[in-house]
Amino acid sequence: MTPNNNKMQKVHIIGDRALIKPTKEEKITKSGLFLPPGYKEKEEVQRGYIIKTGPGYPIPNINDDTDNLWKQSDNMQRYMPLQVQESDLALFLQRNSVEIIYDDERYFIVNQHNILLVERDLDV
């Protein structure tokens with residue numbers, strides 16, 4: 001489900017967020033009536049495919065070596081990785097997400113804690 005354009009290669013997601021492309025869902029009731037585009041009975045939960053993820057939660061660099069305070073340390077930021085992965089099908093809370101249009105496509109930027117569950121192929 002990853003877009004084939006090179007522009008998406010330039011996109012970097014920050015922190016504990018995921019970029020999700022929503023799935024196309026038909027607006028139809030159980031009785032067969034089509035609903036107008038602005039109407040949603042329960043807009044809290046949305047589903048879509050995770051396109052990209054951020055690096056995760058930052059972990060502080062703790063240096064317990066007090067004898068070598070003058071020693072140059074590597075200032076590389078370390079991260080605890082996210083549970084979600086690219087190509088997962090995610091159910092997330094839409095009201096806590098940010099909707100964007102990028103390259104004429106609709107996406108949501110969602111914090112990991114707003115993702116309720118993911119469906120993942122174990123063969124990948």
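A polar contact here is a pair of N or O atoms within 3.5 Å; within protein, one must be able to donate a hydrogen and the other to accept it, and residues adjacent in sequence count only if both atoms are side-chain atoms. These views show a predicted model, in which local features need pLDDT of at least 70 and side-chain atom pairs count only at pLDDT 80 or more, while totals for chains, interfaces and linings use all residues. Residues are numbered from 1 along each chain as its sequence is written, and side-chain values use heavy atoms, with hydrogens and water left out.

**View 1. Glutamine 112 in the loop between strands S7 and S8.** Strand S7 covers 105-111 and strand S8 covers 115-119 (strands are DSSP runs of E, at least two residues, numbered from the N terminus). A polar atom of the glutamine 112 side chain lies 3.4 Å from the backbone nitrogen of valine 84. Beyond neighbours within four places in sequence, glutamine 112 is in contact (heavy atoms within 4.5 Å) with Asp16, Tyr57, Leu82, Gln83 and Val84.

**View 2. Isoleucine 115 in strand S8.** Take a look at valine 84 again: its C-alpha is 8.6 Å from that of isoleucine 115, though the two are 31 residues apart in sequence. Not counting residues up to four places away, isoleucine 115 touches Ala18, Ile20, Ile50, Val84, Ala90, Leu91, Phe92 and Val110. Isoleucine 115 has a relative accessible area of 12% and is therefore buried (under 20%, with a 1.4 Å probe and protein chains only).

**View 3. Leucine 117, also placed in strand S8.** With 46% relative accessibility, leucine 117 counts as partly exposed (between 20% and 50%).

Key: Helices (H or I, at least four residues) and strands (E, at least two) are DSSP runs, numbered from the N terminus.
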